[in-house]
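Keep the structure in view as you go.

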Amino acid sequence: MPALLLLEAMGNTGEYVIDAALDLGAEVIVATHEDVFEEWYSPSLQAKIRDHAKLVFTDFSDAEGALRQLAEVSRAEGVGGVVACWEFLTPLVARLSADLGLPGNDPSRALGCRNKRIMARAFAEQGVPAPRTVAARTLEEAYALVEKAGLGYPLVVKPAEQSGSWGVSVVRDDEELEAAFAVVRSHLFQMPHGIPLDAHVVIQEYVGGVEYSIETVAAAGRLTPLFPYDKFTTDGAKRAEFGHTVPAELDEASVRVLQEAAVEAARALGVRNGVAHTELKLLPDGTTRVIELGARLPGDHVVALMRRAKGIDEARIYVQVALGLAPDLTPTADRAAGIRFLVPPRGGVLRSVSGIGDSAAVARSSITVPPGGRVRAPGDNDARVGYVILHADTAPEVNRAAAEAIADVTIEVE
């Protein structure tokens, strides 16, 4: 079995991928930066990598240097597949895979899977149903482009390159647009690797409807959509995610609409091998709009939810496709699972989290910020202090159990 090169394992999907590769009998090589490994990885993940994988330290802020170094490492170590568990490195994965002659995505279009400005242009050119979008570097340019495109408030403002709902807001007038624009422009390097980001601010028409997510598996150019699942977000100006339920309860026609749009989006962005995580909205008239796509596994422990609900292991699929193996897409279960995130009422110092029940529906719970740790005010996904994973026979049962579990939680902040 050839080795698997994993670019950056610090996200919550990293451990899933490492476990899947080891289970398949593949050697694992993890590429990160030495400081990131020591300061950003959990002690348990550090221990797992030291015990079961090889480490390669590189500088991802220098994409060309990292490409050369990792190509040399891959040839020397017999690497047969390359994956990333951090969205900002997916274009590098596509380029490296192409250089090595390994399964991967179209390197000429891979940046569009990370950059929402380029993504929107590709969707428009390929006829993918998506919100009308403009991108500007200055506020004056933004006003002019919005007027030229015939867009009206409310509008969605977001960074061209970011993740975790950071900087995403719904604005309703010029003053709010100016404030949102300033927030996005304040963060032009992605930590912890210091990767420079596109300075454009993306402005889109606001699309109503209900939001869902869906995974698409690509193997040798064949695109297979899986099942849509619920994505729950906050209302108001900020739209942070607070949970997911797998699968969504939808009629067959709605499922087909979402699946077809997800395949169109993946094809437009050159997704040929691997997985694509797509977020869409289903409108009241039965049509859909693709919000964005990432050429990566879903975060938020959705991998674990899919295992519990459908018996499908997307991390294993990701590794299989990268290594040129036939992916196993056969469901082995027919239940439902969900996750709900615990968010403090305000920023400050976390004192305690209490009240998570022990009902039969609660499969696992975790507090991710220790008492005494600083927490952020609600507004994006980085404000979370923990989560609860639930399972039941049906999605409505999961949603009811989740509402009950969260209602009893008390988060004390000073």
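Ala, Val, Leu, Ile, Met, Phe, Trp, Tyr, Cys and Pro count as nonpolar, Asp, Glu, Lys and Arg as charged, and the others, Gly among them, as polar. The model is predicted: local features need pLDDT of at least 70, side-chain atom pairs count only at pLDDT 80 or more, and totals for chains, interfaces and linings use all residues. Numbering starts from 1 along each chain as its sequence is written, and side-chain values use heavy atoms, without hydrogens and water.

**Exercise 1.** Describe the lining of the second largest cavity.

Solution. 
- Start with the term. A cavity is a set of points, on a 1 Å grid over the protein atoms alone, where a 1.4 Å probe fits but cannot get out; lining residues have an atom within 4 Å of a point.
- Next, list the lining: E87, K116, M119, H277, E279, E292, L293, G294 and R296.
- Sort these residues. Two are nonpolar, two polar and five charged.
- Now find the main contributor. Strand β16 gives the most, with three residues. Strands (E, at least two residues) are DSSP runs, as are helices (H or I, at least four), numbered from the N terminus.
- Finish with the space: about 40 Å³. A volume is the space filled by probe spheres set on the points, which are joined across faces, edges and corners.

**Exercise 2.** Describe the largest cavity.

Solution. 
- Its volume is about 160 Å³.
- Of its 17 lining residues, V82, V93, N105, N273 and Y318 are the closest to the centre.
- β4 (79-84), α5 (90-100), β15 (274-282) and α11 (314-322) each give two or more residues to this lining.
- Sort the lining: 12 nonpolar, five polar and no charged residues.

Methods:
1 Å grid on protein atoms, 1.4 Å probe; cavity = no way out; pocket = protein on both sides within 12 Å on 5 of 7 lines; lining within 4 Å.
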